[in-house]
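Subject: Structure handover and notes

Hello,

Please find the structure below, followed by some notes on what was found in it.

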Amino acid sequence: SPGNLEIEGDWSNAAFWLTAGVLGGEIRLTGLQKNSAQGDKAIVSLLRQMGGKIVEEEGVYIAKPSKLHGMEIHARDIPDLVPILAIAAACANGETVIRGAARLRLKESDRIESVCKMLTALGISCRETDDGMVIKGGEMKGGIVDACNDHRIAMSLAIAAQKCAESFTLTGASSVQKSYPEFWQDYKLVGGKIEVLA
């Protein structure tokens, strides 16, 4: 019979904004269910373990600028979070080890390789392992960075931009169409500055 159904928010895409909040300016997110069956809700716990300030008030998640530290992350059940967690790790003090992510090599790109290339291009030390990577936090620079036609790599790079010493050129930005077609519009809404090159 007819009725009303509320579709819950997407924790996988929320992860980009929560990370943006702990790395830059405060961001508030609505529409996320605390008791969701989505595995990627683990982003809140993981960022908190890294030192991220994330609070939940009456269904609103608030991510605030924080000083992060490296840690060991087991990613077998949360592979889609690895690209954005890698950005958090790049901005954290110390070393972060990501394990259990071997299936990332079979995504839109080989995400273990793509993430390491992304961070290396930004001046961050990242070393591949068979099932993950080792990231040493540092200062990100600018340059030309390829999203490898991978939506999660492109969105992660967008969040990284706020911590880069210089602006950078992102190729493959249109790949966000796969999972978040309005990403660049929302990016501008929270203060992101982009220029589309012909």
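The largest pocket of this predicted model holds about 810 Å³ of space, where a pocket is, on a 1 Å grid over the protein atoms alone, an open set of points where a 1.4 Å probe fits, with protein on both sides within 12 Å along at least five of seven lines, and the volume is the space filled by probe spheres set on those points, which are joined across faces, edges and corners. Of its 28 lining residues, Trp184, Tyr187, Lys193, Ile194 and Glu195 are the closest to the centre, and a residue counts as lining if it has an atom within 4 Å of a point. At least two lining residues come from each of α1 (11–23), α5 (151–160), β9 (168–171) and α6 (183–189); helices (H or I, at least four residues) and strands (E, at least two) are DSSP runs, numbered from the N terminus.

Residues are numbered from 1 along each chain as its sequence is written. Because the model is predicted, local features need pLDDT of at least 70 and side-chain atom pairs count only at pLDDT 80 or more, while totals for chains, interfaces and linings use all residues, and side-chain values use heavy atoms, with hydrogens and water left out.

Turning to aromatic pairs, the structure holds seven of them, a pair being two rings of Phe, Tyr or Trp (its six-membered ring) with centres within 6.5 Å, called stacked if the planes are under 30 degrees apart, edge-to-face if over 60 and tilted otherwise. Trp11 and Tyr61 are edge-to-face, at 5.2 Å centre to centre and 80 degrees between the planes; Trp11 lies in helix α1 and Tyr61 in strand β3, so this pair ties together parts that are 50 residues apart in sequence. Trp17 and Phe183 are stacked, at 5.2 Å and 25 degrees, and they link helix α1 with helix α6 across 166 residues. Trp17 is buried at 7% relative accessibility, as is Phe183 at 0%, where buried means under 20% relative accessible area, exposed over 50% and partly exposed in between (1.4 Å probe, protein chains only). Ring pairs also join Trp17, Tyr180, Phe183, Trp184 and Tyr187 into a cluster.

Finally, there are ten salt bridges, each a side-chain nitrogen of Lys or Arg within 4 Å of a carboxyl oxygen of Asp or Glu. In one of them, the closest N and O atoms of Arg152 and Asp80 are 3.8 Å apart, and salt bridges with shared partners join Asp80, Arg111, Asp150 and Arg152 into one network.

Best wishes
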